[in-house]
Structures are given as structure tokens and as C-alpha cells.
Amino acid sequence: MNELRTILGDVVTRLFTDRVTKELLESAEQGQWPDDLWQAVEENGLTLPLVPESKGGAGGTWGDALVVVRAAGRHAVPLPLAETIVGSWFLSEAGLEAPSGPLTIAPVHRDDTLRLTRAGAGWRLSGTAARVPWGRAAGHVVIVTGVEGRPMVALTARGAGEVTLDQNLAREPRDTLVFDAAPVVAAAPAGGRVPANAVWLYGALVRSAQMAGGLDYLLRQASQYATERRQFGKPIGSFQAIQQNLAVLAGHTAAAGTAAAHAFRAADRGDPAFEIAAAKVRVGEAAGIGASITHQAHGAIGFTYEHALHFVTRRLWSWRAEFGGEGDWAVELGRSVAERGADALWPHLTAR
Amino acid sequence: MQTFRFELGDLPAEAESLRAEVREFLRRELGDAAPVRRAHSWGGFDREFSRKMGARGWIGMTWPKRYGGHERSALERYVLLEEMLAAGAPVSAHWIADRQSGPLLLRFGTEAQREKFLPAITRGELAFAIGMSEPDSGSDLASLRTRAERVAGGYRVNGTKVWTSNAHLADYMIATFRTHHDPAKKHEGLTQFLVDTKLEGITMSPIIDLAGSHHFNMVVFEDAFVPEDMRVGEEGAGWKQVTTELAFERSGPERYLSSFALVLELIREVGKDPGERAAATVGRLVAHLTTLRQMSLSVALMLQAGENPNLEAAVVKDVGTTFEQEVPEVVHALLGVEPTIDSGSDLQQVLGFLTQRAPSFSLRGGTREILRGIIARGLGLR
């Protein structure tokens, strides 16, 4: 890891450790927007890692963004930070300015389409996008949609559409946005690296990294709990049954981190569809198993609201399904592998 | 708790150019070998093939030139290994010597031992076996009892080794014997030896595996004389040497590619335009494969950088062998075809072979339970 990333890692870890407390997570779940936290994140330059410095960003790489997104997952940061990072990248790739403040991305579901139509010199937006992350809280929504068969990126401001509130298992906002010839702040043809399904694709990418971060937390937390909690006169971690389970958790955590890093590296190199699909499949599977093992190790206390474990496990259960579950991505990946044929598999794997 | 580090890295250009050379060689040498032959992976024993590998400079390729090595990087060797395994090349006649016995001699052997054995290994002319387990010493390796007593000019050996893979084909065995007995300190008093498999006083008998194949052996020592100059390392240093030797073999591509031949047959079977269920099965397996390759490669890069990624290596082996064992399961669940021995399709035969071979994946080189104990220690639990 380069020195810059080490520094970046220290900054985010310190910031999130200090600020993302149990109290803050509880109040966010009750609908409180953690504005102080957002301001701090923005002031530390963490929201626009992929936007060039000349445009007010950090001018970094996906590899740098991974440090931030994974840490956000590890700390269950209740902000649309991953969405802002992706949305601002879509904008900057299209040559558009990224506004300050939180962003979200839409449409999230593969079946939802938003229509962008010409209106005089500008554009209007129509259609419904369900379960948009932080739809109510984001200052702007970044949309990628096809116009006459070519991907376009459009930006709308808060209030342009009608918002129906909903949430995921972790009580993170997942709102429905309905646009009816809504005004568009700016629109432009998408950059070459942003395909028409970019929201789905890069949404899956950042969720993989958030889940990998969540698993980092689970492994640390479970290992620590197993050395502290005593039964039968000794720490439960001294029992082989617990040791074996936590070793399995370690394997899934390591695989998740590797799969996510592989996908982020591919994003820097261009053409990351294979690695993103693989990451969403591998990390999602790890998330399910990891949450299960960690809860088992924690016993009844980990099942209470009082214990903080659920802030991460409930996120993992939702994130693995968002932007496509393991099943969706496995089918997509399997089809691409089958199409290339058996003899192409090994050359393909070694070229990535 | 120790933290894991699985950083991605790139293979150097010379490793990638070697890859092309190796593929060309394998295309020529293996031709249209049947999938079930390829499924034997590092179980296939072929001295002629090993000699050709030696002639290409592909055995002991990282060792010093003065011992017949080629002083190439561990990453070039990594590429060579993964290409051999992915193609299902019969590497068994030099595998153990290249991976374990040679490095052991380089590290702990005498100059005379190195000069005598290493060049012949690099030519693909010397096959090695490993004599560790005994009837009463499996996972509890330190409890082993085969005695080597000092006599004039060497040692007299009595006892029994089991599971000694390919001992009946090998020229030499690196065996661990007890030279000193103190019941309170079982890890002490162990010593390693180079043993000529043709020595007087050695009797070998096959242990046939559940599939009817002969690769295991029982090796009985009855007053076998091992000369002093065949001792490897100091008397009593055996445990440290053995654990070093076992660490050589945890994270390589052989720990996730054992069922690769079946993945390929599955892809052939489902065709270019698979249904959703078949596509999902293939996709999931490939997601695991590509992740495991990056994990294994990451450990190789750390080793090349002179780091000591013992915990990461144990994790790769555990996750990798779990995957290898899962492949026949998911193929069964998807296709429901019967695994066969000599009849049926290529897929059925590969499935038949690997279904019967798979239980060994999490036993060889240390059981899954022992390995997970090592990982748990890294997590601070013990």
C-alpha cells in the first residue's frame, strides 16, 4: 500500500472512530441526519476522491476510494458516502461539476428506467426509481440512463421529484423517487468508462467494499469477545468449537477483502465488469456466513439492541441484496464465462 | 489479534513471458490428454515428463546456480506451478523434491548433501517422498516414535511410517525420526534424515486408497542403517525443520486448483448459452476461483518480498481446500449425473475421480482442524 493510502486510512479510521458512536448510529436510525459528521467528512476531503483536483476533488484512484468506502463499512457510517463517491465520479467523467453536499445515484433497480427528454435548451426527467439510497437526504441525485441508445449522466436537485420514504433493515433511507417532467440541473453524455448500467455496476462495487469493511469489524469484534467472555471458568475462545468457527470467519473475511480490492483495481484499469460481478458474489456470500458465525459466537447478548453488533450485521443483510444479490451477479458472471468457453477460462483468470 | 494482509500485486514481466513459454510446452507435451488424466493434477507420476521439465530449467528454478538451480524469482516459479496445475500436468515425480526436500536441503543440509542431491533434482532425476506420519502419530506429529539410535558411523533405525506417498516410486525420502526420548518434551529429540529407499532393512507395502489406487505406503524400518552424513541439520532440530517444511506448502496454487478440471468440464457441459441455474453455478465457482487466485498470489508476493505470511498462508489453504471439495458437490447438485470410473462422459469420469479424491484435500499436509487451530492462534484465541 502506498504512503498516501496509509495516511488516508489513518484519517478515516480516526474520524469514524471518534464520531460514529453508538449514540450517533441510534439517532440516525431514528431519522436524524448526522450533519456534523457529514461536514467533517466533507472537510476532510473524503467525499470526492475520484474528482480531479482542478474540480475540487482529491484527484485519486479507485484504490484510494476503497480505503474510504471499506472504512465506512467497517464503522457502519450512516451517510451516503459511497453513493457520493460514485455519483461525483459519474459527473466528472461526463465533464460535469460535482456539487457539494451529499449525492445519491439512481435508478437502483435494473427494471426501473428514468427517461431523459429534451426540453428547449435543457432536459426533463420522468419515471420512478425505487429504493434510492438516502433519497430524502441527498442534495442531488445523479442519474445514468440511456438516451437514443447512448448513456447519459444527469443531475437533479433535491425537491425535483416526489419522495416516498422507506428504509432497509439497518433503517438506512431507501426512498422511492417519482419524477414527472422534473427539471434537470445539468446533463451530458456519459464518459467512456461509464456504461448505461453504471449505477447497477458501480453500486455493486461500493457495496462489496462496504461489506468487506463490515466483515473486518465482525472478525475483530468476534475475536475480541471470545477472549473476554468466560464460561466454564475460561474464555470461550479457548474452546475448539469456537476457534474453528472463527477461523472460518477469518477465511471469509480475507476472501471478501481480496475480492473487493480486486474489483477496485479493475475499476482503475477499466473494464471491471468481471471483477465486480465476482466481488458481489464472493463478498455477499461471506457476509451471510460471517454474520451468522459472529452472532453465534456472541450468544444472546449479540441479539439485543443494546449490543452494537447489529449495526453492522443488519447492514450486511441489506447490502448483500442491494444492486443485485449473489444470484443476479452469479448468473451474469456465469453467462460471460460460458460464452467465452472452457478453454478461455484459465487465460482469462490469469490476465486479470 | 494479528491482522491479515492480502495486498494485491502484479507479477513481473519476466514471469508473464515465462507463462507463454510454459503454455506452449504444455500444449505440445500434453496434447489431447483425457480430462480425467488431467484431473490427477499433482498426483500424476511421470519421470520422463519430469526430465523434460528439468531440461527446460523448470525444477529448482529459484535455487543457486552452483547447485544446478537457475536463480529465477519465486514469482516465476509461481507462474510455472499454476500453469502446470491448471493444465493437469503430471508433476509428481519432481513435485516433492522441488517444493519441500530441495528447499530443506538448501536451508539445513550440509554442503556435501547439497552438491550431491540438488543438481540431480534439478535435472528431474531424483524423486523424493516424505516420511512423517506414523500409525500412532497423525495430527499429533510430535508424538512420533520411530527410533534412530546412534551406532558407529551412523544410526540404526526401527519403526514404521505410514501414508508415505509415492515412497515405492521415490529414490529418497526425507524422514523424521526420534533420536532422543523424553516423554515430557516430545517436540525435542526429533531429527531429519535423507533415507535411500533401497536401503537394507526397509520393507514397503502398499496402502490402497478407497478408489483402489496405490500411492500411499507403509514403510517399515528394521535395523536399517543410515550413515551419519545423511542426517539433515542438527540432532534434535527436527521439529523446527519440519514446521518450516510444512509452511512451504500451504498457500500455493495446488491448494485451490485440485478440482479445476471439473470446473472446465462443467463449463463444457452447460454450453455457450446456459440456463439461469447453470449460469449461476458456474458464476459462483468462478467468483471463488478468481478470488482464491488473488489470495494465493498475494501470499506469493509477500514471500518474494521476504515477509513471513504464515497466517495468510494457512487461510489460503483452508479457504482453497474448502472450495476444491465443494466443486464435486455443486456439480452433483446441478447436473445429477452419476460419477463413473471408466465409462460415461469425460465429465462423469472427472466427477468420479474427484468425488473419491476430495476427502484427502483437507487432510494432506495437515488436517483442516489443525490448520484452523493455527488461524485461531493468529486471532489471539490460543
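**Ground rules.** I'm looking at a predicted model, where local features need pLDDT of at least 70, side-chain atom pairs count only at pLDDT 80 or more, and totals for chains, interfaces and linings use all residues. Residues are numbered from 1 along each chain as its sequence is written, while chains are lettered from A and ligands numbered from 1 in the order in which they are written.

**Domains of chain A.** I looked up the domain assignment (the bounds are from an automatic or database assignment) and got domain 1 (3–189) and domain 2 (198–351). Their C-alpha centres are 23 Å apart. For contacts (C-beta atoms, placed from the backbone, within 7 Å), I noted 27 residues of domain 1 against 28 residues of domain 2.

Which elements make up the domain 1 side? I found α2 (22–29), α4 (62–74), α5 (81–93) and β1 (103–106) of chain A, each supplying at least two residues. Helices here are DSSP runs of H or I with at least four residues, strands are E runs of at least two, and both are numbered from the N terminus. α4(A) gives the most, nine residues.

I sorted that side by class: 19 nonpolar, four polar and four charged residues. Nonpolar means Ala, Val, Leu, Ile, Met, Phe, Trp, Tyr, Cys and Pro, charged means Asp, Glu, Lys and Arg, and the others, Gly among them, are polar.

**Chain A against chain B.** Here the contact takes 42 residues from chain A and 43 residues from chain B. On the chain B side, I listed α8 (260–270), α9 (276–304), α10 (310–335) and α12 (368–378), each with at least two residues. α9(B) has the largest share, 17 residues. By class, I got 22 nonpolar, 10 polar and 11 charged for the chain B side.

Technical notes
Contact = placed C-beta atoms within 7 Å.
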